[in-house]
Amino acid sequence: MNYRHAFHAGNFADLHKHAILLAMLSALQDESRALSVIDTHAGAGAYDLSGEMARRSGEAQAGIFRLKAASDAPAVFGPLLAAALKINSGQAGDLYPGSPLLIARALRQGDRYAGCELRPDDGLLLAKTLAPYANAQALEADGFATAAAQAGRGGRAFVLIDPPFERPDDYSRIAETTRAALKRAPDAALAIWLPIKDLETFDAFIRAMETVTKDLLVAELRLRPLIDPMKMNGSAMVMIGAPASVEAAAAEAGDWIAARLGEAGGRSRVWRA
């Protein structure tokens, strides 16, 4: 899967991922005095949806712009919509906050965030995005290795894993990193984003994760039936250590996206593996 986030920022999968991420972050903050957040593939941190890459894909038009225009958006999207409004200085602008900015703005005094990015150009943009936030830092580092080595330093670990899936070993590295993070910090929480292109790949990943932990909450979203494996037909958030309230939030987000943004045969479900 050839993936650079500027092409896909603000699409249906981002709405799903970011609504659930913010719900999980808030719930974990209610449970924990301090969080140590590691974002393994942070990207640029924020995106201009009027830019060439976003305009070329057109995915934001079928995502965040439709959400903004909706009169029936459920409460789970409230924090994301508020963040999108804030980044545009209260106007209906074209800027979209990525996970690093969403998390950095929500940090408490005792929380910490480290965003890992290996692309030099995105790394520079990430550093600029995070510069106003004293508790957030950009690292030019392998995110998988960083999460495995640093989980739990400075607070309860919360690891966001969102790779580009350009490498054939991304799925196996997710499982390995999860195992290593949980060994280092048994109370760690993880949120793993992945595309759904075909059922075989998705099911194989879930089976692999079940050998790592029995605490899996899966928020599965299909925009269309899994007929063409060359398309991103859906996406999923696979969570470990998710507080109970996240299940309802994930269902609310997925159900709305499937009904309002999906095609015939689209569906959403939230289940525990």
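The report below covers the model, its annotated sites, its core and one further loop residue.

## Basis of the model

This is a predicted model, in which local features need pLDDT of at least 70 and side-chain atom pairs count only at pLDDT 80 or more, while totals for chains, interfaces and linings use all residues. Residues are numbered from 1 along each chain as its sequence is written, and side-chain values use heavy atoms, with hydrogens and water left out.

## Annotated sites

An unreviewed UniProt entry gives a "binding site" at His18, His41, Ser99, Glu117, Asp142, Gly143 and Asp162. The lining of the largest pocket includes His18, His41, Ser99, Glu117, Asp142, Gly143 and Asp162. A pocket is an open set of points on a 1 Å grid over the protein atoms alone, where a 1.4 Å probe fits, with protein on both sides within 12 Å along at least five of seven lines; lining residues have an atom within 4 Å of a point. The unreviewed entry also carries the annotation "active site" at Asp162. UniProt positions follow the numbering used here, feature names are shortened, and annotations may be inferred rather than shown by experiment.

Asp162 sits in the loop between strand E6 (156-161) and helix H9 (170-184). Helices (H or I, at least four residues) and strands (E, at least two) are DSSP runs, numbered from the N terminus. Asp162 counts as buried because its relative accessibility is 9%. Buried means under 20% relative accessible area, exposed over 50%, and partly exposed in between (1.4 Å probe, protein chains only). Leaving out residues up to four places away in sequence, Asp162 touches Lys17, Thr40, His41 and Trp193. Contact here means heavy atoms within 4.5 Å. The side chains of Asp162 and Lys17 make a polar contact of 2.6 Å. Such a contact is a pair of N or O atoms within 3.5 Å; within protein, one must be able to donate a hydrogen and the other to accept it, and residues adjacent in sequence count only if both atoms are side-chain atoms.

Asp142 lies in the loop between strand E5 (136-139) and helix H8 (143-150). Asp142 is partly exposed, at 26% relative accessibility. A polar atom of its side chain is 2.9 Å from the backbone nitrogen of Ala145.

## Core and helix H2

The largest nonpolar core has 87 residues; Leu15, Met24, Phe77, Phe158, Met239 and Ile257 have the most contacts inside it. Helix H2 (residues 12-31) gives the largest share, 11 residues. A nonpolar core is a set of buried Ala, Val, Leu, Ile, Met, Phe, Trp, Tyr and Cys residues joined through side-chain atoms within 4.5 Å.

H2 is largely enclosed by the rest of the structure, because 16 of its 20 residues are buried. At the start of H2, a side-chain oxygen of Asn11 comes within 3.2 Å of the backbone nitrogen of Ala13.

## Asp111

Asp111 is in the loop between helix H6 (99-106) and strand E4 (112-116). Asp111 is buried, at 1% relative accessible area. Its side chain makes a polar contact of 2.9 Å with that of Arg108.
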